Amino acid sequence: MADDCIFCKIIAGEIPSRTVYEDDNVLAFLDVNPLTKGHTLVIPKAHHQTIADLPAGLGEAVFEALYHLTPAVEQAVSADGSNIGVNNGTAAGQEVQHVHAHIVPRFEGDGGGAVHSIIRTMPELTDEEFDDIAAGIRAATD
Ligand code: AMP
Ligand code: ZN
């Protein structure tokens, strides 16, 4: 547990939350400032800042919870779909430094955008740049 972490305090029961799911490794609760009705956060119980910091098994546990929770959240609020996202690192807009996935239910005509709306100015890449990027990612996963 990190002393100054609001999500660790939720896990410890020091701050209240509207819990919707819990197992040995994962907790899910309603976002206190929902983007839409049913906006839910899924977090590992252990404090890690970003996805890269998670031990492999814990990343899988978070994703498995997302897999089960997403249809449940959608059903509970009669959503037509959902966006699932992680603000992974401060450069990506992460404000709470305890890794968490957002499930944001979506409704036809709700006026929201796609994941693609997070960036307005896209890079124009040459074929060579695409190739270099793909090669770099492949090398980094070896
Ligand atoms: P992020 O920008 O991805 O770090 O998002 C942090 C999220 O945590 C925001 O959507 C907040 O509304 C949410 N949040 C902050 N404090 C609480 C809390 N005490 N209970 C529930 N959600 C919270
Ligand atoms: Zn924490």
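Which elements each supply at least two residues of the lining of the largest pocket? In this predicted model, where residues are numbered from 1 along each chain as its sequence is written and chains are lettered from A and ligands numbered from 1 in the order in which they are written, helix 1, strand 2, strand 4 (81-85) and strand 5 (101-106) each do so. Local features need pLDDT of at least 70 and side-chain atom pairs count only at pLDDT 80 or more, while totals for chains, interfaces and linings use all residues, and side-chain values use heavy atoms, with hydrogens and water left out.

The protein chain contains three helices and five strands, where helices (H or I, at least four residues) and strands (E, at least two) are DSSP runs numbered from the N terminus. These elements follow one another from the N terminus in the order α-β-β-β-α-β-β-α, and the C-alpha trace spans about 50 × 40 × 25 Å along its principal axes.

Rolling a probe the size of a water molecule over the atoms shows where empty space is left. A pocket is defined on a 1 Å grid over the protein atoms alone as an open set of points where a 1.4 Å probe fits, with protein on both sides within 12 Å along at least five of seven lines, and its lining residues have an atom within 4 Å of a point. The largest pocket holds about 1200 Å³ of space, a volume being the space filled by probe spheres set on grid points that are joined across faces, edges and corners. Of the 40 residues in its lining, Asp31, Leu35, His39, Asn87 and His102 are the closest to its centre.

Ligand 1 sits in the largest pocket, which is to say that more than half of its atoms lie within 2 Å of the grid points of the pocket. Helix 1 (6-11) and strand 2 (26-30) are the elements that give two or more residues to the shell around ligand 1, and helix 1 provides the largest share, three residues. The ligand is surrounded by 16 residues, of which Asp31, Glu95, Val96, His100 and His102 are the closest; a residue counts here if one of its heavy atoms lies within 4 Å.
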